[in-house]
Amino acid sequence: MYKEASVEFESDFTLKGTLTLPRQETNVQFPAVVFIHGSGPLNRDENTKKIQLNVFNRMAHWLAGQGLASLRYDKRGVEESEGNYYQAGVHDLIKDAYHAVEFIRHHPDIAQSNIFLIGHSEGGMLSPQIAHQTAVKGMILLASTASPLKYIIDEQGQRLEQELANEKGLIYRMLRFVGSHKKVLEKQDKLIRKALASEKDVIRAGGITKVNAKWFREHDTYHPGNALNLVSTPVLAINGSKDVQVRGEDVSGISEAAGGPAEVHVVNNMNHILRIQEEPESLLKLNKYYAKYSQQDIAQELYDVISPWLKKRLTE
């Protein structure tokens, strides 16, 4: 159904990834998608050492069945790609994605005028700026938002407070009593303020853990909504009703900010990693749910929305 090849392209460093092509006769140029990662040290499949999300490889194989090629790559400093992940700021990530698009645009098996972006989470926030720098046919923004990162972090803190206040059971009563969640939020706020005040690319949390201060500083001045307004590229935005990292209703903000045609959807019961979740949404149980649902297939309704949108764009 598809064939894959290891590829590499140049940005500030050599980045390595996988090109997936539909299995068809030779001498055919395919429309293509470039995947843009969410936040964190993610490889080409959106996996880390701690959790295997397998978002981009699953989507790439589905896209091949729809007749589209795709490129997914390891972030700089992750797995096979060169560079230092902890020194990569927002503009570095945008630059890497730009070079990914230019690489696939000049590939002999790719139709140059039919290239799309699929951005997941932070990748959806950065996609409009990428589209501002290199023309693409359309953008698909998944589990994303038009709001700046600082608003998302504040909103998550408020959700955590509300969730903990409503949870029943001894362990949650103890957490409320000792105020441990408040201490976590205070430490997070202190760390972010330290990153914003620092001139270094990398700082240490608790003297041990590396933190990408450059990334925080550049996100502090980056507004996805403003970037969306700069481009007339068609947008498809899809969020999930059980996403606790961004709100499902944030798709309306994307529609309002878009400088071109925008179509938005909220998939019922879909979480941030694009799976259908049976349990109520929960920040407190986030890691548990992600570990459980990452083994399942991507939500079928997500594909059901993407497929006709892509077909429509390809006939324009």
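Trainee: Which helix gives the most to the lining of the largest cavity, and with how many residues?

Mentor: Please keep in mind that this is a predicted model. Helix 2 gives the most to that lining, with three residues, and both helix 2 (90-105) and helix 3 (122-133) supply at least two residues each. The largest cavity has a volume of about 80 Å³, and its lining includes Leu 93, Asp 96, Ala 97, Glu 122 and Leu 126. By class, five residues of this lining are nonpolar, two are polar and four are charged.

Trainee: How many cavities of 30 Å³ or more does a search of the whole structure find?

Mentor: The search finds two, and the second largest cavity holds about 40 Å³ of space. Among the residues that line this second cavity are Lys 242, His 272, Glu 281, Leu 286, Tyr 289 and Tyr 290, and its lining divides into four nonpolar, four polar and two charged residues.

Trainee: Which residues are buried in helix 10, and why do they line one face of the helix?

Mentor: The general idea is that an α-helix has 3.6 residues a turn, so residues three or four places apart point the same way. In helix 10 (residues 286-293), the buried residues are Leu 286, Tyr 289, Tyr 290 and Tyr 293. Seen down the axis of helix 10, these buried residues fall within an arc of 100 degrees, so they line one face of the helix, whereas Asn 287 and Lys 288, on the other side of helix 10, are exposed.

Key:
Residues are numbered from 1 along each chain as its sequence is written. This is a predicted model: local features need pLDDT of at least 70, side-chain atom pairs count only at pLDDT 80 or more; totals for chains, interfaces and linings use all residues. Side-chain values use heavy atoms; hydrogens and water are left out. On a 1 Å grid over the protein atoms alone, a cavity is a set of points where a 1.4 Å probe fits but cannot get out, and a pocket is an open set with protein on both sides within 12 Å along at least five of seven lines; lining residues have an atom within 4 Å of a point. Grid points are joined across faces, edges and corners, and a volume is the space filled by probe spheres set on the points. Helices (H or I, at least four residues) and strands (E, at least two) are DSSP runs, numbered from the N terminus. Ala, Val, Leu, Ile, Met, Phe, Trp, Tyr, Cys and Pro count as nonpolar, Asp, Glu, Lys and Arg as charged, and the others, Gly among them, as polar. Buried means under 20% relative accessible area, exposed over 50%, partly exposed in between (1.4 Å probe, protein chains only). The arc is that of the directions from the helix axis to the C-beta atoms.
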